[in-house]
Each structure stands twice: as C-alpha cells, then as structure tokens.
Amino acid sequence: MPVYYARYELDNGYIHNWLLAGPQAMPVPDLHRFAGKDWKLQIARQYYTPESCVTQAPVQDETLDVGGAPLTWRYYRCSDDHFVDCTAFYHTCHYLRAWAYSRVMSPAPYEATCVLTTNGPADIWLNGQHVHRQEHFHHQIPYSVSFRASLAEGPNDFLVRFEEVAARECPYVMALRIVADAAQGIEPPPGVFAFVPTSHEGVARREIVERAIEAAYLDRDVFVWDDEITVHWPEDLVTSAELTVRLQTPTGWIYSEARPIAKARHKRIIATAYQVPEGPFHVFLIPSLHEYYEGNLRLERKIPLIAMRNRYSQSPYGTFDERRAEALTDAARRETNVFSEIAKMALGLWADVKSDVIRETIEGINQRKDCSDFYLVGLLGMLYRYGDNPSFPESLRQPLEECVLNFRYWADEPGADSMWFWSENHQILFHTCQILAGRLYPDRIFTNAGQTGQWHRQRGEERALSWLLKRGAGGFSEWDSNCYFEEDLLALSHLADLAESQPVYDLATVIMDKMFLTMALNSYRGTFGSTHGRTYTPHIKGARGEATAGISRLMWGMGVFNDKIMGTVSLACMENYGLPRLIGDIAADLPEEMWNRERHAGTLEEWCDRATGDWEVNKVTYKTPDYMLCSAQDYHPGERGVQQHIWQATLGPDAVVFVTHPPCMSEENSHRPSFWHGNVTLPRVAQWKDVLIAIHKLPDDDWLGFTHAYFPLWAFDEHVLRDGDSGQRWAFARKGDGYLALTAARGLQLVTGGDSAYRELRSYGLRNVWLCHMGRAALDGDFGTFQDRILALDLGFGDLSVRCTTLRGETLAFAWEGPLTRNGQIQAITGFKHYDNPYCVADLPATQMEVRYGDQALRLNLAAE
C-alpha cells in the first residue's frame, strides 16, 4: 500500500499533528498490592515494558496490535495548548498507555533540545532508538522534562509512549517541543516540518478540507426547544470544500446529516432542538462521503453541544405537588440512571421499570466504583419505599441484599478501591448508606466488616451527626456548590425521610433548610449564580446545566428539569419534609438592592492521614431586579486552584459572565481546573456592591499565558466592544434592563473561532486586572447612556492594582496586597458574620439562625439538643 505524507508546520517548536493509538486501558486488580504514597509508580513499573510495542511504521487508520488488543492509529490535531489530550474519568483503577507518532523532517543535521510534558511516565524513541524516559506523576498540572536529541538530515521518526494510572479523574496529556541548541536560538532551524503518514494520495486536497473542517463553529453550547442548531463558517475562510455534517450522540446515533459546501460566511441549519432527544450531542464534521469512505481521507472533528426541550422558569409557578409530579415524570422519561427507575416506581409505572438498569447499578456498586455511594443511597431508599410493593421485581431482592451486606461503608473497613471518602459530599453519602443499611438489616452480619447492621447504624449516626453539626455551625468548605449541593441533598433527603434517630432527623431537616436558604439568597430568577467552592464547566456556562436547576424548580418553581436527577428525584420522593414558605418567597424576592455577606469556616478533620487544617471563605452577593453579582473575596490569592468558581455576574439563565485562569484548552471535567471551571492560580478579588475587581498574578512559567472571560454574545439582547479615549477596550452587554461592562488592564480579544467562538474574551499577560461594572436602566438610563457613562469614569491601572470611580460616585482602590478602599476608607472584605443580609443575621459559629420575610419567621436550631 502506498504511503503519503501530509506536511504541517510546528507551532513555536511544538509538534501539533500526530498519529495517536490508544489509550489502552488495563484494569488493575487487587489494588491492595500497591500501598504507600508511590502506589501509582508501583503500578506503572509493574506494567512497564521496555519495548515500544510498535513493530511497523504507523500509517493513519492502520492497526497497532498490542498483546492481542488492536488499536487504531488515528489522526490527532492539537489545540492551542499543544497537548495530545486523553483525559477521562475512570470509576475503577486502570493502567493507561498511549502512543503518539510524528515524522519530523530536518533540512540539516543538528543537536536539538527537546521538551516533553506529561502527567505521568513516558518514553521516546527517535528513529527506532530509545532516547529518553521520564518517570513522574503530576496529577493536574503536567510536568516538563528537557533532553538532548540528535536530529538527522531528512526524516526523523518520533514515537512517544506516555502512561498514566487512573483512579477517578485522570488528567492525561502529552506535548513535545523541539528547540534548537541555545547557541542557535529558541526556534528550530528553518524548514523543519512535521509529517503525518496517510494512505490518502491527495495531500494538497487534505489541507483544503482540513481548513474547512477546523474553521467551523457553533455560537452557543446549549440549544433549547426552537433554537436552530446551526454550523457557521467565518468570513475570512479563503477555501471551500464539500463536507459532511452530522448531528449525533456521543455513542454515534445519527439524527441529522447535511452536505454543505463550506465557504466564507456560510451557515447550515442541521436540526431544531425539539426534533431530537434531550441530552449531549456532537456536530460531527468529516469530508464528503466519497472522500471519507472511498478515498480514505479520514479527517474528523467533533463540536459538543446540548439539546434541551424543557423551558426555563424565571418566576414561581404551580404547587409543590404539581411540580413533584412534573419532576418525576420528567426523570422517568429520561432513563438517565437508576433514579429514572426510582421515579417510575414513585409514579406507579411498574410495567416500565427496567430491572437490568438496577442490576447494572448493583454490579457497579459491587465493583466498588467511585460514586457507588450515590447509587447505593438511591437503592436503599428504593427498598424502604417500594420494596414491599407486590410489583417490585422479585429477581432483584437477593442481589440487592448481597450488595448491601458486602459494601465497604467507610475507609477504615477492609478493602482497596477507587471510591473517594474525603470530600464533604461523599462523607455524608457514605454515612447515610451506613445508617440506612444498618437499619434495614440490624441483626445481619455485614460480610465486608464482619459487624452487625446495628453496629453499622450506630457508627453511621455518630459520623452523620458530627458532619451535620459542622455544617450547621460553619457551613460548607465546598460552599454553594451547584454540583455537590445536589449530592448533599441526595443524602440529607434520605436521612430526613428514613432515619429513625431523632437527632439525625432533626439536624438533617435543619441543614436542608439552611442549604435551601443559601440557594435562595444567592440565586437570581432560578439561577444559582453564586461563587462556588466546587463546580464543573457544564454547571457554570449558564444555569440550564446546573445540578441544582431541577431542585430549585421543584422546591420553589424557578429553574429547569434537566438530566441531573439524583437530588430532584430524591426530594420528590420525600414524605416527611416541607420547604418553609418564606424560603421560597426569599428566592423569588427581587428588592431594589440586596447586599448579602457571608463567612463560612471550619476545621478539616479527616481520616487515614488526610490533610487537616482550618478553612474559610468570605463571600458577597449583590442582587437587584435586573442582575446579580457574586464573589469570594480575597480567597487564597496566588495559590493553586482546583474547581473554585470565584465570581460571576448573572443577568439571566444563559447570560452569565465570569473570568478564570485556564491550564489547558479542554473542557473535560477531569481537568481540575479546566478551560472554564476553576483557576490554575487563584485571583485576588474584591467587590463593592455593583463593582468587582479581580487581580490575576500568573506564574512566570504559565502554560497558556492568559486569563479569559466567558462572555456568550448570543445570550445578550445587545452587546458591543468599545474603546475609550485612553484606548482601553470595554465589552458591554445588556439583558433586559440589566447592564454589564467588563475590561482588563492588558486588553481584550474576542475569540471568533474554535469551540468557544463568540463566547470568550481573552486577555494575554501574566499580571492583569479585570474590572466589572453592573448597571440598570432604572438608574443608568438606556444602554447607550450606560456605555457612555462607563467610558467617562476615571480609571487607572497599575502593576497589579487599580483605582477607579463608579457609577454611584464612589472611588475604589485595590491591589494585590493591602485593603480595598472606598472613598479612601478601608472597606472590609473578610471577617464577616456567618450571614448578614436583610433577611437574616447570624454569628459564626452559628448555633441558631432566625430568618424573617414580611410577617413570616423561621428559627433554625443548628446545635445538638
């Protein structure tokens, strides 16, 4: 078979075009064999082979046979982060290895310095000879190692095998950079190119088609009801090519196909959201069918999107019983997971219950997959509520009993697995499992621990009470989490409904009230647009994907039912809890201004040599009828971030704005942080009501070198980028009668290509200051007047500092160090009470909270009786 080579330029010395095989994922049994802090390294060495396993020259779409496990060499094009990215989530432990190949042509022989960046161990073969191995594990931020390599004149075949050990989230990337000898400068010599071997003869045609595929973009991430799913091509595209464009699910089901001629300013509608099921889709772009299938021109690109049918409610509606029926019906039709089956049981739809889904869930728990605690809570609640129903599938009883009796209910019990016990959400979920399982089988011996159910119940109640008291006194270290709150409420709803211990029931109910109050205070028209101690990208790019969106719709009629059904179904199945009416009223209240300050704090007391220490967050929310602005103030500036969402402006369920410091271009949730959620380095933030300042101090070796704003143009009623007299560029947006103005000291660039096209503003620079002003038509006139007033304000940026006037006639000054000053006076940004707002004032630590709204009052007793 003839082989042809497609030529590509290097990007600042980085190879961007590869053939990739793998990853090959090998389950790691008997995890207890690998003990100690270097357990990943032990596993990697156990599975390591010195041979590359590649016995013939790679060609695109040909097979690599590794020990009888065939892999396909597929073409991989790197994003701007230079990474070959194989990141994914693994619920059980696996050893991973992948191979990447590229041919580098050099016009002359020379000594090069190569830099290999990976999360885990890796080897490099150059022209068939092993030239380098690095052996390290850096879980979230990859590590770079330099080595010397002699490049020959002509072809130089680089083969990289990079490894990882996956247990839960697994960041898994590789980048290879070739730089010249220091005496020759940074760049490789002119004429160095990368070549990818292919069986497609028309390499010039390949370049044209690839440009057309890569130029395509969507203008949004979520398409709702009658939104037309439209693929666009930019006005600066200089080529044209026939393509095939499919709308398909991640598993490959095709719902639409079009064959456009991609050219400048072209757009193609491929479906309307209501025509397809709700859920994740890809726009799948390939060459024409003839070129793809018969000509072996195998170029592919997937652009992710979400299709939704359910409408978003921004004002309360209906009764709880009506919304409960709606929530259960919605969950039952989705068939998302075992909670869909529980919803069917709650509705009496026994003929529709799929026993195989429940069996698969049991099998996953028996394997002790990570997140087994989520699903075991659901199964236990299912047994309590519906196990005695004559229609309950008899074939499930024995597998369920064995599953419950053999589970590992805490980290100090026998067993080694990938389950995670230590975060707040998992702690209370495991404790809930232990309580309910012990109550269900009080006199049985639980085979994993060798103890009775009564023993398990007692241990679970002790631990749950400790957890509940800490949340009552100080709040959540994973504060306002729009993903983990769902999981906390999954546990608490079962305790408040099914626990027999009066103290556990009482405190679970009170903590639910406190959580719902926190959501109500920090939500705007159903959007839980608060700062978050933990979140993921789908939960912050608009409110439609929040795991709390269905919960808020169920409890007070604002939000949307989506595929995050665990908490919603569990709350809808409750019989012993009723939401205090004033909490729903507070959630719906839109006063002229609401200034809420909170401090959550406590001490981490974890087991099994996990870190301990004090934690604290000071957060503020400013809410008006037209917008909400929230932030975590002065939260560990300059330290490494994970999934913290430090600030957000909310004008509507889709019209949200925030700024982050990304480590990579991927939105995969196992990157923590990722392109949108979290920050590599946490900023220093201060907010005074409708003005927010975020100062970013990036490390000198920062991988991407920019901070960026999520700024979805499609979600605004109006938007414009304008330069002031000083040349400072501002981004303005209007949604309804709410206004936003955003700028950065180092300037703004609207991104018009790629997966974030027309939703991203970038600002390059290691030291930067972002400034956000909010406004309202009631105070600031029309949108044009608001812009003019912002551009007329005094503004001065320094190195990691800013001084500005506001629309309200005040002067703010803030820097990387020192206080926030307002009109020259120090304005506190830390040291708040636990809650301080028009509805509630409570000290920290809290023993009780009194909440008032109109003529309604509620007292929450947060301490043990």
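This note sets out numbered points on strands, a pocket, cysteines and salt bridges in a predicted model.

1. The sheet. Four strands form an open sheet in the order β6-β13-β8-β11, and their pairing is antiparallel. The edges are taken by β6 (84-85) and β11 (143-151), each of which pairs on one side only. Within this sheet, β8 (residues 110-118) and β13 (residues 173-180) run antiparallel and are joined by 7 bridges. Thr117 has Ala175 of β13 as its bridge partner.

2. The hairpin. Strands β39 (residues 795-798) and β40 (residues 801-805) are antiparallel, with 4 bridges between them. Phe797 is paired with Val802 of β40. The two strands make a hairpin with 2 residues between them, and Leu800, which lies in the turn, has a positive phi of about 60°.

3. The second largest pocket. This pocket holds about 430 Å³ of space. Its lining comprises 23 residues, and those nearest the centre are Ile141, Pro142, Asp701, Asp702 and Trp703. Sorted by class, the lining has 13 nonpolar, 7 polar and 3 charged residues.

4. Cysteines. The search of the whole structure returns 0 disulfides. For Cys86, the closest cysteine sulfur is that of Cys170, at 9.4 Å, which is too far for a bond; a disulfide would need the two sulfur atoms within 2.5 Å. Cys86 is buried, with a relative accessibility of 10%.

5. A salt bridge within a helix. The whole structure contains 61 salt bridges. One of them joins Arg457 to Glu461, with the closest N and O atoms 2.8 Å apart. Both residues belong to helix α10 (residues 453-474), and because they are 4 residues apart, about one helical turn separates them. Arg457 is buried at 16% relative accessible area, and Glu461 is buried at 15% relative accessibility.

6. A salt bridge between a loop and a strand. Asp717 and Arg734 meet through their side chains in a salt bridge, at 3.6 Å from N to O. The pair links distant parts of the chain, 17 residues apart: Asp717 sits in the loop between β32 (706-710) and β33 (718-723), and Arg734 in strand β34 (residues 729-735). Are these two partners buried or exposed? Asp717 is partly exposed, at 41% relative accessibility, whereas Arg734 is buried, at 19% relative accessible area. The value for Arg734 falls on the buried side because the cut-off is under 20%.

7. A salt bridge between a helix and a strand. Asp788 and Arg722 form a salt bridge in which the closest N and O atoms are 3.1 Å apart. Here too distant parts of the chain are linked: Asp788 lies in helix α18 (residues 783-791) and Arg722 in strand β33, 66 residues apart. Asp788 is partly exposed, with 42% relative accessible area, and Arg722 is partly exposed at 26% relative accessibility.

Key:
Residues are numbered from 1 along each chain as its sequence is written. This is a predicted model: local features need pLDDT of at least 70, side-chain atom pairs count only at pLDDT 80 or more; totals for chains, interfaces and linings use all residues. Side-chain values use heavy atoms; hydrogens and water are left out. Two strands pair if DSSP finds at least two bridges between them. On a 1 Å grid over the protein atoms alone, a cavity is a set of points where a 1.4 Å probe fits but cannot get out, and a pocket is an open set with protein on both sides within 12 Å along at least five of seven lines; lining residues have an atom within 4 Å of a point. Grid points are joined across faces, edges and corners, and a volume is the space filled by probe spheres set on the points. Ala, Val, Leu, Ile, Met, Phe, Trp, Tyr, Cys and Pro count as nonpolar, Asp, Glu, Lys and Arg as charged, and the others, Gly among them, as polar. Buried means under 20% relative accessible area, exposed over 50%, partly exposed in between (1.4 Å probe, protein chains only). A salt bridge is a side-chain nitrogen of Lys or Arg within 4 Å of a carboxyl oxygen of Asp or Glu.
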